[in-house]
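Subject: Structure handover and notes on its ligand site

Dear colleague,

Please find below the structure that I am handing over to you. My notes come after it.

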Amino acid sequence: MHVPTRVKLVDVGARDGLQNERAPVSTELKVELIERLADAGLPVVEATSFVSPKWVPQMADAADVMARIRRKAGVRYPVLVPNLKGLEGALAAGADEVAVFPAASEAFSKRNLNSTIDESLERCAAVCEAAIAAGARVRGYISVVVGCPFEGDIAPAAVASVARRLHAMGCYEISLGDTIGVGTPVKVQRMLDAVAREVPIERLAGHFHDTYGQALVNILAAMELGVATFDSSVAGLGGCPYAPGATGNVATEDVLYMLDGMGIDTGIDMTKLVAAGDFISTAIGRPTASRAGRALLAKCRP
Ligand code: HMG
Ligand code: MG
């Protein structure tokens, strides 16, 4: 099997995971989670979103989170921004990396961003220009790259077209989101084939929600095509508030267990990662969704 020798994992639990929690999660808990993930060796820890608090109340403390995290040298802490207002808040809070997040379907774009795909891409272009001028890096997400809760199957060409435009705007990496976790390996590879004709494969990342238990095999399918960056959530936290039925991202612990077992280097310490997953699951009163996390905890607490 031809797979990368090193993989970069981006933990999105503090954002993609916690954005979906109905009960308030304190800023203090979010900060401790982010710091524990950085301490476990995650090279990128997505910290929060500068979005409308009316749309996602859980992320209303974005500026406080950014002010309070102790930043570890060499670790990046990107934040989501949907528009220039969000960028302004993110830069004022000291963010040096932001992420824009258009969708590959019109219906999802309307629900998540209250705009058409074209309108949202115009906003992304304005954000990219201003962010890059201010010295910040911009990551691009694309939601619903395989299937949409409102429109069903998504054509790979629709994803490729959005990816081409994000790349042209200066996004250094494009994360392809299977928001509702409906992808299976061949569908994912077809989508990646189409996108890789527009954007070099080393600039692509996979972002798989694990709703149907397909995320790990989809990661493997993407690695076979040369993708070497994946998003995941510690303890498998989360879901998207605007994607009915979506569950959390693939658990970081489960991805790490697979990569460690394949001898693929990530720089992440499993013991510290499992402890971070246990910490947040206990704090929010929810059992971990990570199978590897559960098994490893049971081993040390028989
Ligand atoms: P809108 O209602 O059309 O916006 O929403 P608006 O410009 O009319 O503003 C409405 C109000 O929000 C105004 O306040 C604005 O000031 C305020 P009011 O005058 O009513 O008091 N506002 C803001 N406040 C703070 N920060 C901002 C901001 N912008 C406006 N940046 C908007 C449009 C884009 C704002 C809204 O739709 C929104 O915030 N959407 C975000 C939804 C979201 O965060 N979804 C989850 C993240 S995406 C995801 O999870 C998928 C991903 O993981 C990939 C995958 O899984 O596939 C990334
Ligand atoms: Mg997501």
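The notes below cover the ligand, the pocket and the cavity.

This is a predicted model, in which local features need pLDDT of at least 70 and side-chain atom pairs count only at pLDDT 80 or more, while totals for chains, interfaces and linings use all residues. Residues are numbered from 1 along each chain as its sequence is written, chains are lettered from A and ligands numbered from 1 in the order in which they are written, and side-chain values use heavy atoms, with hydrogens and water left out.

Ligand 1 is surrounded by 27 residues, of which Lys 54, Asn 83, Asn 112, Asn 114 and Thr 179 are the closest (a residue counts if one of its heavy atoms lies within 4 Å). By class, this shell has 11 nonpolar, 11 polar and 5 charged residues, where Ala, Val, Leu, Ile, Met, Phe, Trp, Tyr, Cys and Pro count as nonpolar, Asp, Glu, Lys and Arg as charged, and the others, Gly among them, as polar.

An oxygen atom of ligand 1 lies 2.9 Å from a polar side-chain atom of Gln 19, and an oxygen atom of the ligand is 3.0 Å from a backbone N or O atom of Ser 52. A polar backbone atom of Phe 50 is 3.0 Å from a nitrogen atom of ligand 1. For these polar contacts, the pair of N or O atoms must be within 3.5 Å.

The space taken by ligand 1 is the largest pocket, the molecule being assigned to a pocket if more than half of its atoms lie within 2 Å of the grid points. On a 1 Å grid over the protein atoms alone, a pocket is an open set with protein on both sides within 12 Å along at least five of seven lines, a cavity is a set of points where a 1.4 Å probe fits but cannot get out, and lining residues have an atom within 4 Å of a point. The largest pocket has a volume of about 710 Å³, and of its 36 lining residues, Val 51, Ser 52, Val 56, Pro 82 and Phe 101 are the closest to its centre. Its lining divides into 19 nonpolar, 13 polar and 4 charged residues.

The search of the whole structure finds 1 cavity of 30 Å³ or more, and the largest cavity has a volume of about 60 Å³. Residues lining the largest cavity include Val 81, Leu 113 and Cys 124.

Best regards

Note on methods
A polar contact is a pair of N or O atoms within 3.5 Å; within protein, one must be able to donate a hydrogen and the other to accept it, and residues adjacent in sequence count only if both atoms are side-chain atoms. Grid points are joined across faces, edges and corners, and a volume is the space filled by probe spheres set on the points.
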